[in-house]
Amino acid sequence: MNNLIRIICLTFLTCLATGGTAMAAPGKALGTVLITGANRGIGLELASQYKSRGFQVIGTARKPEQATELQALGVRVEALDVTDSNSVKALASRLDGIALDILINNAGIAGYSAGSFQEFDFDQVMPSFEVNSLGPMRVTQALYKNLASGSGKKVVQISSIMGSVELNRGGSYGYRASKSALNILNKSLAIELGPDGFVCVVLHPGWVRTRMGGESAQLTTQESVTGMVSVIEQLKPASNGRFYDYQGKELPW
Ligand code: NDP
């Protein structure tokens, strides 16, 4: 009886320490997660938190040899440029036969963001679409077999509230449009893959202190990622195709 009480107390304390998210038993991975753009910012913190929770982590970087902080986590580091089809295909072939439970399409750029209609430069805005909208689809398509053979079947797009049409306050034409495109691509993906047990969601990480978010941003990467890891853990079939912030609040399209 005493042992039972001790186990219940320990489980409760572990839950408190981890914000209610699961931890692996020693030596047993909770699953495998692949995170794009994991060499810095939000991606690096995602890799760190999943690693400490006991997941097998694959973090990608455009220049793996320079991804020293990611390497220091002791995770598997893979080269990936999400705009380059050859790079994406090469990653898929290196991962052939490896089941993935969670794919987090995190890589993104602020890009050339045209503050006004008159400034809009059509050529300069294209990279935002290549990285932010098409990149996640390219990676998801290439890793589909890995995800289909995993038990998690979670595809997470790190988008932004700036991609919400309803909450648009103007400006940043390029970035907003690229994230809106990502949002609708994810919705189509969710409709197509949902019947096979996939849960494909869009997450807004909050305004986070990274190279992209800047120093005056509200949240640390730890705060944002702790929230997102918990949201991802609690995803269920009914979450498929939805848009949440890092605290699990549903956002309008
Ligand atoms: P950072 O600029 O700190 O990091 C961006 C990451 O994306 C880097 O690892 C970068 O790699 C990688 N990346 C950029 N282009 C490519 C590419 N072509 N192929 C592969 N990787 C690439 O940004 P954050 O960590 O702040 O942003 C992460 C995600 O969160 C983005 O999708 C962003 O839009 C989103 N977001 C961020 C917010 C914030 O406040 N910070 C708010 C809302 C959304 P490299 O080092 O090689 O450039």
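This is a predicted model: local features need pLDDT of at least 70, side-chain atom pairs count only at pLDDT 80 or more; totals for chains, interfaces and linings use all residues.
Local features need pLDDT of at least 70, side-chain atom pairs count only at pLDDT 80 or more, and totals for chains, interfaces and linings use all residues. Residues are numbered from 1 along each chain as its sequence is written, and side-chain values use heavy atoms, with hydrogens and water left out.

Polar contacts are pairs of N or O atoms within 3.5 Å. A polar side-chain atom of N39 lies 2.6 Å from a ligand oxygen atom. For R62, the distance from a polar side-chain atom to an oxygen atom of the ligand is 2.6 Å. For Y175 it is 2.7 Å. Taken alone, the ligand exposes 900 Å², and the protein buries 93% of that. Accessible areas come from the Shrake-Rupley method with a 1.4 Å probe. Helices (H or I, at least four residues) and strands (E, at least two) are DSSP runs, numbered from the N terminus.

The ligand takes the space of the largest pocket. On a 1 Å grid over the protein atoms alone, a pocket is an open set with protein on both sides within 12 Å along at least five of seven lines, a cavity is a set of points where a 1.4 Å probe fits but cannot get out, and lining residues have an atom within 4 Å of a point. The largest pocket holds about 1,000 Å³ of space. Of its 42 lining residues, R40, A107, G108, I109 and M212 are closest to the centre. α2 gives the largest share of the lining, three residues.

The second largest pocket has a volume of about 190 Å³. Among its 13 lining residues, L30, F55, I102, K154 and E233 are closest to the centre. The largest share, three residues, comes from α8. This lining divides into seven nonpolar, two polar and four charged residues.

One cavity of 30 Å³ or more is present. T36, V82, N105, A107, V131 and P136 line the largest cavity. Its lining has no charged residues.

Note on methods
A polar contact is a pair of N or O atoms within 3.5 Å; within protein, one must be able to donate a hydrogen and the other to accept it, and residues adjacent in sequence count only if both atoms are side-chain atoms. A molecule sits in a cavity or pocket if more than half of its atoms lie within 2 Å of its grid points. Grid points are joined across faces, edges and corners, and a volume is the space filled by probe spheres set on the points. Ala, Val, Leu, Ile, Met, Phe, Trp, Tyr, Cys and Pro count as nonpolar, Asp, Glu, Lys and Arg as charged, and the others, Gly among them, as polar.
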